[in-house]
Amino acid sequence: MEPQHLVQFAIFGLNIGAIYALIALGFVAVFSITGIINFAQGEFAMLGAMIAAWLVRAEWPLPVAGLVAVLAVAAVGALLELGVIRPAGSASIVTLIIITIGASVLFKGLAVMAWGPDPVRLPPFTAGPPLRVLGARLLPQDLWVLGTTAVVVVGLSLFFRRTLQGKAMRAVAMNRYAARLMGIDARRTSTAAFALAGGLGAIGGIVIAPSASAYWDMGTGLGLKGFVAAILGGMGAGGAVLGGLVLGVVEELCAGLAPSGFGGYKDAVAFVILLGMLFFRPGGFLGRVPGRGGL
Amino acid sequence: MWGSSAALRIIPAVVLLATACQAAPTAAPTTAPAKPTEAPKPAPSPAASPAASPSPSPSPAAKPGAGPAASPAAAAPVGKPSGEPIKIGATLSITGNNAPLGIPERDTLLLLQDQINDRGGVAGRPLQVVILDDESKDDAAVANTKRLIQDERVLGVIGSSGSGPSLAMIPTAEESQTPLISLAAAIAIIDPPKKWVFKTPPTDVLFQQEFFDAWKEQGIKRLGLIHDTGGFGVTGRAVFEKLAKEQGFEVVAVESYEPTATDLKTQLTKIEAARAEAILNWGTGPGPVIFVKNARELDIKVPIFVSGGSVNQAFITNAGKDAEGVIASGGPPVVFDQLPEGHPQKAISAEFNRAYRERFNKDIDQFAAHAHDALLLFTNAIERAGPDKARIRDEIENTRGFVGMDGIFNMSPTDHLGLGKGAVVLLVVKDGAWRLLK
Amino acid sequence: MAAVAVAAPPLLETRGLTRVFGGLVAVSAVDQAVRAGTIHAIIGPNGAGKTTLFNLLSGVLPPTRGEIRFGDARIDGRLPHQICRLGLARTFQNLQIFANMTVLENVIVGRHGRSSAGFLSAMLRLPAARAEAQAACTVALSWLDFVGLAPRADDPAGSLPYGQQRLLELARALAAEPTLLLLDEPAAGLLGREKDNLADLLARIRSSGVTVLLVEHDMGLVMSVADRVTVLNYGKKLFEGSPDEVQADPDVVVAYLGAPEGA
Amino acid sequence: MSKLAHPSSLLPYGSLLLLVLVAPHLPGIRSFRHELVLVGILAIVAIGLGLLMGYAGQVSLGHAAFYGLGAYTSGVVSKAGLHPLVALPIGLLLTGTLAYVVARPIFRLHGHYLAMATLGLGVIVFTLIRQLEPITGGQHSLIDIPRLEVAGFRFDTDLSYYYLVWACTCAVVLTGRNLIDSRSGLALRAIHGSEVAAESLGVDTTGTKVKVFVLSAVLGSLAGSLYAHFSTVLTPHTFGLELSIQLVVMVVLGGSESVFGPVLGAALVTLLTPIMREMSRQITGGSGGQVEIVVFGLILMLMMVFLPRGLVPGLAALFRRRAAAPAPIGTLGPAPVPAGQAVETGALGAVRADPTGREPG
């Protein structure tokens, strides 16, 4: 093992961590506005990747296919909220969570029906040989992943701080009751949160699809890791991004440095970190108060 | 994934037939919904009949009375079977990670069942193959085996597609004294030999030995292995480490991944960092495609190898250009059209492929071959032994010179596979197709 | 040490009791004694630290500094259920009835500290557990009867009107057979007649030998039932005396009675 | 004496018992015997989880871990040559100890943090099962686990095992009902209702939560042991997150406010998929394959929207509305009760029947 391999693992980690971050942001958006842990969040990523791959195969240009996929999954998110979450009304949070589990099952089933069980290919956004960074290889697609995530994070931050809808969402996240008194339609905000979560998930799925592969069950693992990242970040937006990146890098470094035969522990790494943090620093590593969260 | 709690998937043969391009009317099953449906009355199918004309080519090595050519049914192609059906059970991985194996196996059994019935059945009675899906899960395969033996009262069981489920099924077969023919590669299935257990695919030892021979020839010493954590992958790792040690190779890296993994770049980087001179992937499902894709992305220069589990068209379709130059070891049926004239597997494979292509609109692969040979091993034994499980077992063990698609089987009490080294060839992807390497 | 009745040690005593939230001192060095057999009221404007004091006494919050003695025992730092078992029960300002149970079941929970059947004996329906359960039921019914809720024993607790939910909390706390009862604004939200009834109940509780410490905004109620009154302001003890003395004290009048407070 | 002796309350129990007795012989159901055994086994885990969720109000997304621990302990120990009936208590002890050790730190957490911690616990145990190859067989399945043999009788058919498992399930249902009716059951529900009030009334909330957590873990372990000797093969994937979530679905679907809810939920989740798979095959002519999963997802969502408290309370309410008769005989509700919420008053039926002379119902 040489230094450039460590750099290489860090690059892999930042890549997958960026996807965790996008998915974690989706969790945070829905959770801070509705209190629901949306178990279909990973499936948003899957749907985004599958729809984009499907459109590209139908010879749509990639940018159009990607945009349509993101919008379509955002619409799916909004429909999920309007169709079942809202009618469930004041059901307990566990009930609402089970509804999202049902949605996750549904999306996976539909995906297999529509696109079959085999992985589908989405070509890299730009072709080209890997770049060399400190002796490690940086693929063009890696740049797309990191760049897209950065743009999304900056865009989201502007959205929450500059736009009316964004400010309304932040207000609801801080205090739903007070926000309502101020004339903010909290129900519309919930719909918007699900749509936002759908869009974020879809973006994550689409950018990762060329380097991993897109198939019906890809969302399960991504969703769980995104959830862990969100918790690590104390259910706040900034923490979620950091949580995702840290989780990705730590995971890859552990997998990369583990001796042969211990690679199978990789998936447990995230949860060992999680339990350690919950037991010793329950507010997330940014030290937020548990349950407060926010955008 | 969430919804698939039940262990069993029951595939009534009849309904599946509806999807095939066959003209035979398929009545909806009238039995209780859960019950595996009775096999269709072998309706004379104008489309299938000509293709299914019996010609399991008798090989010169076949002893009289042992090969399928000697079966009375084959001699009387138009005889109509009657009486109680002869029931053979099968548990296949039609869904889940091993679905690319299980689906051609299922199709083969359905086609061959019809062909045999068109030819007059088994010992004058209709053949019925009861197929269950085990979702590539070990415990489901065992539950299926129990069901086939207890409820369906089959004379023998075929399956499963994968090594894990097959190994798990062994105790059940032994305990219930039911002959079992596995369609999986792991040598552990038949070594040490178990009284009631047989298999048709070449062992992973045979598959891997071809690689080791090639590496020796090319002077490659440092080996890297990346395997999935399914039964096939894990047993394959053990074989790999054993063969490498015995034959003086240095294993510089062994990495594993979940069958559901979507990215193997970390593992590949580790193997590359260990300066392996050849990298072998041993796994089923989407893993090998990701392996090949990631290896190309990382610009890994050393030759890469995949297991026989990837020798099918789907691998090439999914991996695209990245598949070019990938080397695999597989059975001759995959490249039957490239085999020299007179090769014993050429005729039988071409023959079966015609009917297969006509019905399913795809070519046979080696999984089809495994299933084909397993069912014929059973029916040939039943022709000779009658419907008695113990005698069927004896007759399978007595099989000599049976020319199957996988090779020529010569079973014995110590060899419950009966295939020799010639059952495996090296293949390479060239211009979007698997080709014989030599 | 064995002293005459006048010098009997207080049932409850705090010394330098302090609780800090972040930078805010909610309760500041409070020395307070509560004599057995009395009704002792704590009054003070909103935010004076009354409810925090209750949470400290009942163990819901640990004190930052200071000590609490209850009978012979130091109870600061103990958990609420341990304190309850020593004989201190409480009600809550914002009602904490078990809405998922019936009225009677709510009161039976009050018997929890006075019974002992464990998981295993319950699962196996051992005779001792059953006898204990029957006894608990009988006692609970009698306390429901005491507050006048017996006719509604089988109704879901959530279906009771607000005033009756307060009574239910009272019965539930009484079922724990406390020697000291902490009542956090028992009259809040009650109507005129209900308040009279409450005053009557409080007097009967005192005469049964239970000491009562209550936080209350309703001055009418406090003045009519309390034996002694403590005034808190900004977390500090401002004054202590009889109701008459409190009403006469100019500081208190300025700090509290003069304020537009006092619902 | 006891409520069970009362004829009107015996009826639902009796009819259920009868159903359990004859079910494996009913014509359409015969071929589902294997699944019915699984229903019984999973019902035991689900009842345990239901006690935790419905009565203590704590969600666990890691219960498959306890099930797996029980199963693997039974498998490994009995393969080592000890009698299954010796292996079983070892599993219970091991699982109970683990649950006890992790319970305190876990119960310092609340809400989704707690759920996440249990999920993490499940993933870690799952990973250990897969990785500790020398003990568990790792990725290889643990095969050839001895069948259960008691006093010379071998439970080696689905039918005999069915009766064994369902005897256990019924015992768990009964003891679960007893627990809910008891002081501890009330304490659990009090914790669910208001933790601070329960605590101030003398309920050791943490201690009680720990106890119910250990109890539900032990029930999971018991079910796991039963599964090990039924399946005779253990494979890690059976005990992953998928099962943990299915268990939660069973509890919520059936209704966590009654011990019958999880049983019904276990039956629905276990049987619905194969039944729908069969139906979809009949309807679509076999081309489908994932239709049943889609339908399952839809049913799950719709049930939660329309019957958020689960099927058993939902059905009980429906019955009560239809027949305003005081004794809702024949409902699946836990106990016949005078009025109001069946499930909630039911908890007192036992205590009240005797001293006051008032019979419930």
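Chain D of this predicted model contains 15 helices and two strands, where helices (H or I, at least four residues) and strands (E, at least two) are DSSP runs, numbered from the N terminus. Residues are numbered from 1 along each chain as its sequence is written, and chains are lettered from A in the order in which they are written. Because the model is predicted, local features need pLDDT of at least 70 and side-chain atom pairs count only at pLDDT 80 or more, whereas totals for chains, interfaces and linings use all residues.

Of the 361 residues in chain D, 65% are buried. A residue is counted as buried if 20 or more other C-beta atoms lie within 10 Å of its own, as exposed if 12 or fewer do, and as partly exposed in between, with C-beta atoms placed from the backbone. Two residues are in contact if their C-beta atoms, placed from the backbone, lie within 7 Å. Among contacts in chain D between residues at least 6 apart in sequence, those joining residues at least 24 apart amount to 71%.

Chain D meets chain C through 38 residues, which are in contact with 41 residues of chain C. On the chain D side, at least two residues each are supplied by α7 (158–181), α8 (183–193), α9 (195–200), α10 (205–231) and α15 (342–353). The largest share, nine residues, comes from α8(D). By class, this side of chain D has 17 nonpolar, 13 polar and eight charged residues; Ala, Val, Leu, Ile, Met, Phe, Trp, Tyr, Cys and Pro count as nonpolar, Asp, Glu, Lys and Arg as charged, and the others, Gly among them, as polar.

Chain C comprises ten helices and ten strands. For its 263 residues, a compact globule would have a radius of gyration near 18 Å, and the value of 19 Å for chain C agrees with this. The radius is taken over C-alpha atoms, and the globule rule is 2.2 Å times the number of residues to the power 0.38. Along the principal axes, the C-alpha atoms of chain C fill a box of roughly 60 × 45 × 45 Å. Buried residues account for 48% of chain C. Within chain C, strands β9 (residues 228–233) and β10 (residues 236–241) pair in the antiparallel sense over five bridges, pairing being assigned if DSSP finds at least two bridges between two strands. C:Leu232 has C:Lys237 in β10(C) as its bridge partner. The two strands form a hairpin with two residues between them, and C:Tyr234 in the turn has a positive phi of about 45°.

Chain B is divided into domain 1 (9–202 + 347–420) and domain 2 (204–330), with bounds that come from an automatic or database domain assignment. Between these domains, 16 residues of domain 1 are in contact with 17 residues of domain 2. On the domain 1 side, α4 (99–118) and α6 (163–176) of chain B each supply at least two residues, and α6(B) gives the most, with four residues. This side of domain 1 has nine nonpolar, six polar and one charged residues.

Helix α7 of chain B (residues 204–218) has 15 residues and should span 21 Å at 1.5 Å a residue, which agrees with the 21 Å between its end C-alpha atoms; the expected span is 1.5 Å times one less than the number of residues. Its buried residues include B:Leu206, B:Phe207, B:Phe211 and B:Trp215. The buried residues of α7(B) pack against α8 (231–246), β9 (278–282), β10 (304–306), β11 (327–330) and β14 (425–430) of chain B. After α7(B) comes B:Gly219, whose phi is positive, near 75°.
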